[in-house]
Amino acid sequence: MSVAIDLKGKKAIVFGIANDKSIAWHIAKRLNDAGCRIAAGYQERVEQLFLPLMKELNNPVYAKCDVVDDAQMDSFFKKIQEDFGEFDFLIHSIAFAKREHLQGKFMDVDKRGYQVAHEVSAYSLIELARRAMPMLKKNGSIIAMTYLGSEKAVPGYNIMGVAKAALESCVRYLACDLGEKKIRVNAISAGPIATLAASGIANFPEMLLNYVAKAPLKRNITADEVADCALFLCSDLSKAITGQVIFVDAGYNIMGI
Ligand SMILES: NC(=O)c1ccc[n+]([C@@H]2O[C@H](COP(=O)([O-])OP(=O)(O)OC[C@H]3O[C@@H](n4cnc5c(N)ncnc54)[C@H](O)[C@@H]3O)[C@@H](O)[C@H]2O)c1
C-alpha cells in the first residue's frame, strides 16, 4: 500500500529559515509541495538570503520575528491573525548560543551565555506555542528540532546540549498541556547537517566523520530526510504520537561505542 501525504487546505508557521541550507527551509518546501500554505518568521540578519526563497513558495506570508524582541513577536502574530488566519502546524527550528560557548570547556559558560542559549533555543518554544494557541487548530502539530547533545556529553556542543535538554522537556510538558486540545508536540533529533548554526560548533567536522564511522547506516543524513519526518509528524499518519523525540540520525544514537 502506498500512502501519499496530502496537506491541501492546511497551513503551517515555520520559524528558523536563514538560507537554503536551513533545516526549516527544507521543511517549509516539503510542506509547501504537499499543498500546505506557509507563513514564515525570520530574523533581520538573514533577510538577504531569506527573501528570495519566499518566491519558491505558493502564496507565503512572512515577517520579521526575532524571538527575543516582544514588539516583533506582537506584530508577527498580528499579521498572522490578519493575513493568514487559523493554522495547523508550528515548526520551531531556532537555536542560538554565543560562539565562544560552543568551544573549549563547558564549565566556562557564564550566566548570560547560559540565559541566552535557553531563552532563544528552549523558552521560545513555549512562548511561540502560547502565542499561536488562539489560532492553532484542533488536530494540529508542533515540531521542534533537537540534537543528541541533550542526553550525551558531546564536546563542543556544550551549553547548547543543556538548552536542548530543556527544549525536549518543554516538548513533553507542552504535549501534556495541549493533548486535551488534540494538539501534538514532538521533537526531531537530527544527526549533524552542515548549516549556518552548525558552523558555530567547533568540533562539527569531526561530528560528521564520526557518524559515517559509527552510525549503523554508515552515513550522514540530509535536511530532506528531516523534512520527510516533519511531513509525517504533520500528517494524520502520526496522529497517536505526541511528546516524543524522534531520531533522524542514521541510527547513531543507539550505539554504545
Ligand atoms: N544542523 C545540525 O546539525 C542540527 C542537528 C540537530 C538539530 N539542529 C537544530 O535545527 C534547528 C535549525 O538549525 P539549522 O541547523 O537549520 O541552522 P540555521 O542556522 O539554518 O537555523 C537556525 C535558525 O535560528 C534562527 N534564530 C536564531 N536566533 C533567533 C532569534 N533570536 N529569533 C528568531 N530566530 C532565531 C536563525 O535566524 C536561523 O534561521 C536548530 O534548533 C538546531 O539546533 C541542527
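In the protein chain, 73% of the contacts with a separation of 6 or more are between residues 24 or more positions apart, two residues being in contact if their C-beta atoms, placed from the backbone, lie within 7 Å. The model is a predicted one, in which local features need pLDDT of at least 70 and side-chain atom pairs count only at pLDDT 80 or more, whereas totals for chains, interfaces and linings use all residues. Residues are numbered from 1 along each chain as its sequence is written. The pLDDT (the predictor's confidence in each residue, from 0 to 100) averages 97 over the protein chain, and 99% of the residues score at least 70.

The protein chain contains seven helices and seven strands, defined as DSSP runs of at least four residues (H or I) and at least two residues (E), respectively, and numbered from the N terminus.

Strand E2 (residues 37–42) has six of its six residues buried, so it is largely enclosed by the rest of the structure; a residue is buried if 20 or more other C-beta atoms, placed from the backbone, lie within 10 Å of its own. Arg37, Ala39 and Gly41 point one way from E2, while Ile38, Ala40 and Tyr42 point the other way.

Strand E1 (residues 11–15) pairs with E2 in the parallel sense over five bridges, pairing requiring that DSSP find at least two bridges between two strands, and Ala12 stands opposite Ile38 in E2. E2 also runs parallel to strand E3 (residues 61–64), to which four bridges join it, with Lys64 in E3 as the bridge partner of Tyr42.

Technical notes: Buried ≥ 20, exposed ≤ 12 C-beta atoms within 10 Å, placed from the backbone.
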